[in-house]
Amino acid sequence: MLEVRNLYVGYYRDLNILQDLTLAARPRQITAILGANGVGKSTALKAIYGFLRPNGGEVLLDGENIVRVPTHRRILKGLAYIPQQPGIFRDMSVEENLELGGWTYRSDRRLVRRRIEQNYERFPILRDKRRQATGELSGGQQRMVEIGRTLMSEPRVLLVDEPTAGLSKMLAEEVYRMLIDLRDRDNLTILLVDQEIRQALRIADFVYVLELGRNKFEGPPSEFDDLEKAFWIG
């Protein structure tokens, strides 16, 4: 469904952070990209989503090279992105945040309403808090709102960058359960960047490890028994 082939990406044309990166996000699976800080994991997601123009290589969605497709067109093609830094509107209610996720379809109020209700079915606690300011929610609930708002466009492929950064262990577990549910219940294809190596290996179906912007390892989690040692985890 989503492939990256021989990708070169940098913030300056003559300095590539990603060098010949190749990976694939398999349909209805969680694919994790792991690696030390600064190896280009988040840069890869930004390039796939269209925030950065690659200096070389291809980004294929359903076989179509979308490197020159604007970001808003990629959304319409079924691609969505959840950044590491929360992007919620804290002073707006839960439901207002969700409505903003359906802005593209704002002329069809019934469609927007139906998708909001679908999010309340996914995350029942949000229905109870729909009139509450989003900034008053817990960190895990704010992530629910952000994910729900992203799902308003009904994506098929979800790019997720460090979903539990800054969250407590309990709230992080809640977010990982959400990702598993999105894979299993909503049949979403998820490409996940994560620093929490143990957790990523627990929920992922396939794993890529980057080193200095290049592929270092790849395979199912079962093949990474010694990966924690490679990352100096005690």
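Q: Thr164 first, then: buried or exposed?
A: In this predicted model, Thr164 has a relative accessibility of 8%, and because the cut-off for buried is under 20%, Thr164 counts as buried.

Q: Where does Thr164 sit in the fold?
A: Thr164 belongs to the loop that runs between strand 7 (157–161) and helix 7 (169–184).

Q: And which residues is Thr164 in contact with, leaving aside its neighbours within four places in sequence?
A: With those neighbours set aside, Thr164 is in contact with Ala172, Val175, Tyr176, Asp194 and Glu196; of the elements at either end of its loop, helix 7 spans 169–184.

Q: Switching to Asp62, what is its setting?
A: Asp62 is another loop residue, placed between strand 4 (56–61) and strand 5 (64–65), and its relative accessibility of 48% means that Asp62 counts as partly exposed.

Q: Which residues does Asp62 touch, beyond its neighbours within four places in sequence?
A: Once those neighbours are left out, Asp62 is in contact with Met1 and Arg156.

Q: How far is Asp62 from Lys77 in space?
A: From C-alpha to C-alpha, Asp62 and Lys77 are 9.4 Å apart, with a separation of 15 residues in sequence.

Q: OK, on to helix 1: why is it described as largely enclosed?
A: Helix 1 covers residues 41–49, and seven of these nine residues are buried, so the helix is largely enclosed by the rest of the structure. The buried residues are Lys41, Thr43, Ala44, Leu45, Ala47, Ile48 and Tyr49.

Q: What follows helix 1?
A: Gly50 comes after helix 1, and its phi is positive, near 105 degrees.

Q: Let's look at pockets; how much space is in the largest one?
A: The largest pocket holds about 330 Å³ of space, and of the 16 residues lining this pocket, Tyr49, Ile75, Gly101, Arg149 and Thr150 are the closest to its centre. Tyr49 is also among the buried residues of helix 1.

Q: Which elements supply that lining?
A: At least two lining residues come from each of strand 6 (79–82), helix 3 (94–101) and helix 6 (139–151), and strand 6 gives the most, with four residues.

Q: What is the lining made of by class?
A: The lining of the largest pocket has 10 nonpolar residues, four polar ones and two charged ones.

Key. Residues numbered from 1 in each chain as written. Predicted model: local features only at pLDDT ≥ 70, side-chain atom pairs only at ≥ 80, totals over all residues. Heavy atoms only, no water. 1 Å grid on protein atoms, 1.4 Å probe; cavity = no way out; pocket = protein on both sides within 12 Å on 5 of 7 lines; lining within 4 Å. Points joined across faces, edges and corners; volume = space filled by probe spheres on them. Nonpolar A, V, L, I, M, F, W, Y, C, P; charged D, E, K, R; others polar. Buried < 20%, exposed > 50% of the residue type's maximum accessible area, 1.4 Å probe, protein only. Contact = heavy atoms within 4.5 Å.
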